[in-house]
Each structure stands twice: as C-alpha cells, then as structure tokens.
Amino acid sequence: MLKGRNLIEPGDFSIQELDEIFRLADTIIAEQGRFIDICKGKLLASLFYEPSTRTRFSFESAMLRLGGQVIGFDNPSNSSVSKGETIGDTIRTVACYADIAVIRHPREGTAKLVSEFSNGMPIINAGDGGHEHPTQTLTDLLTIHYEKKRLSNLKIGVCGDLLFGRTIHSFVKTMNRYPDNQFVFISPKELQMPEHFLNLLPKNAYVETDDLANAISDLDILYMSRVQRERFVNEAEYMRLKDYYILTRKKLSLAKEDMIVMHPLPRVNEIAREVDSDPRAVYFEQARYGMYVRMALIAKLLGVLS
Ligand code: NCD
C-alpha cells in the first residue's frame with residue numbers, strides 16, 4: 001500500500017511496489033484519457049530550493065494532467081525562507097494547505113528531515129544535495145523497461161561524476177536490487193564512486209575504469225552524467241575535469257547496435273549534439289517517461305486509485 005507514504009530514497013519502496021508504479025505508468029501511457037481528473041481537488045506543493053527544469057516541470061505537468069493543482073516556488077528568496085523561517089516551519093505550514101509535497105534542496109538529508117514535520121502529508125525527495133534522487137530513478141527504470149524490455153541481466157556503464165551525481169547513486173543502488181546486473185564505473189579517479197557506496201555492492205558486480213572507449217563495446221546501457229559544478233569547492237578543479245568525457249559519434253560507433261545512451265539531463269558537453277540523432281540516444285524520451293512515472297507516483301501516494 002503506497003497511500004500516504006514518503007519517497008525519500010528508492011529503497012523506501014520494495015521491488016513489488018516499484019513494479020506497481022511502473023504498471024500504473026504503463027496504463028497511463030496507454031489510456032491517458034482515463035486519468036484526466038483523478039486528482040481533482042488535490043493540491044501538490046512544489047518546493048524547489050535548487051534549480052530544476054525537468055524534475056519541477058514534470059511533477060507540475062504530472063499533477064495538472066491528473067486534474068490536480070499546484071502551488072509552490074522555484075526560488076526560495078520569494079518565500080519566507082528569506083525572512084529566516086526554518087524549513088520545518090515551512091513544511092508544517094505547507095501541510096495545512098497541500099495534499100502532497102515535492103522538495104529539492106542542496107543539503108543532504110533535507111527531504112528526510114522535513115518528512116518529520118509534514119504531519120502525514122507525503123513528501124517526495126526531488127534531490128537532496130549529492131545524495132539521492134529517487135524519482136529520477138523511477139524515470140530511468142521506466143525508460144529501461146521500455147527500451148530494453150527487462151531490468152535484470154544488463155551490463156550498465158555509468159560514466160562521469162560518480163562522486164557527486166545523486167541520480168547515479170539512486171540509480172545504481174536500485175539496479176543492484178535486480179538480479180544479474182553488472183556495472184562498469186567509468187570516471188576520472190577524482191570523481192570515483194564513494195567508497196561507502198561501493199561497499200554496498202557485491203565485489204563481483206562492478207569494475208572501475210577511466211577509459212570510456214575501451215569500456216563501451218559490451219555495454220547494454222551507457223548512463224552519462226554531468227560533472228556537478230555546484231558541488232565543487234574548487235572551480236579550477238571543475239574546469240579541469242568538466243570535459244573529461246565527451247561521447248561523440250565516433251566513440252559511439254564502438255558500441256553495440258542495441259545499446260542505449262541515457263542521461264538525466266541537463267547535458268553540458270558530455271554528449272556531443274551529433275549523437276542526438278542516433279537511435280540509441282534515448283535521453284529526451286527519458287525526460288518524457290519522467291512525467292508519466294510521476295503521474296503514477298502521485299496517484300499512488302495520494303491513494304486516488306484503488
Ligand atoms: C539531475 C539532478 O538534478 O540531479 N537533473 C535532473 O533532475 N534530471 C542531474 C544533474 O543536474 O546533473
């Protein structure tokens with residue numbers, strides 16, 4: 001039963017519950033007309049303390065497409081945060097008005113913290129610092145479900161900023177819950193997957209390398225990511241690492257015909273524009289799936305469907 005629950009990290013939901021969400025997303029995609037007013041009279045609060053395009057718009061579109069309405073801010077300086085209000089008080093207040101809230105915050109652990117003040121209103125973590133981004137994971141898995149027709153027995157390359165990339169942390173942890181997935185972590189040594197994170201994985205489930213061209217040829221999925229500028233303390237270090245990987249058409253020619261290239265977006269330089277027209281590039285499709293899976297998530301957490 002997902003009604004009334006929070007989604008702070010993907011591990012909050014069992015595999016069966018994730019599957020329930022994907023099945024509902026499938027139905028929504030197939031029969032959109034059936035769902036246009038199931039959230040009529042419900043309000044989603046969208047609290048973004050950090051920039052966003054896809055996550056915020058896809059949540060807001062999702063709620064509006066379900067017939068619900070949206071309040072919120074995308075710039076906390078327009079809210080009482082700028083007067084020094086604590087986030088706990090903000091959430092307590094929002095819970096007086098809204099039925100469900102989505103929050104993105106630069107500080108790790110904020111979504112978890114606010115869930116203690118939300119008085120039963122479901123909280124969805126839309127990214128907490130470099131920690132987790134569970135709804136991007138739902139998006140990623142729905143994309144794989146459509147594009148690869150399975151979530152297990154896949155060889156998955158994860159490339160770029162594995163240190164700070166919250167989408168990567170949530171994605172890898174979740175794919176590791178499905179059987180027989182193998183990971184190839186591709187990064188410069190400065191941006192490797194954190195040690196405490198690697199310790200969560202079986203030793204034989206992953207390899208680490210800094211060589212994308214060499215790793216690409218037997219992957220089923222290549223998950224590219226942006227170097228997370230906002231998490232660096234040293235700008236010169238960011239400048240040195242930001243273009244470490246650029247997926248070009250030439251490099252992609254070394255990959256399998258049915259490999260897919262994913263990216264949570266926004267992209268900076270890590271995928272050359274010339275790759276966009278390759279049928280293996282699914283990152284804009286991925287953004288579209290993100291809205292459907294968020295429609296399914298909102299409906300489940302609000303309990304508007306039996
Ligand atoms: C990601 C994020 O915010 O972590 N974007 C997103 O939600 N799709 C990835 C990023 O910013 O690099």
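Colleague: Which residue in E7 is the bridge partner of Phe-183?

Modeller: Tyr-206 is the partner of Phe-183. This is a predicted model, where local features need pLDDT of at least 70 and side-chain atom pairs pLDDT 80 or more, while totals for chains, interfaces and linings use all residues. Residues are numbered from 1 along each chain as its sequence is written, and side-chain values use heavy atoms, without hydrogens and water.

Colleague: What is the order of the strands in the sheet?

Modeller: The open sheet runs E7-E6-E5-E8-E9, with parallel pairing. Strands are DSSP runs of E, at least two residues, and helices runs of H or I, at least four, numbered from the N terminus; two strands pair if DSSP finds at least two bridges between them.

Colleague: Which strands does helix H6 touch?

Modeller: H6 (residues 166-175) packs on the sheet against E5 (155-159), E6 and E8 (221-224), contact being heavy atoms within 4.5 Å. The direction of H6 makes about 165° with that of E5; axes are fitted to C-alpha atoms, for helices over the stretch in contact, and angles between N-to-C directions run from 0 to 180 degrees.

Colleague: Switching to the ligand: how far is its oxygen from the side chain of Thr-55?

Modeller: A ligand oxygen is 2.8 Å from an N or O atom in the Thr-55 side chain. For Arg-104, the corresponding side-chain distance to a ligand oxygen is 3.0 Å.

Methods: A polar contact is a pair of N or O atoms within 3.5 Å; within protein, one must be able to donate a hydrogen and the other to accept it, and residues adjacent in sequence count only if both atoms are side-chain atoms.
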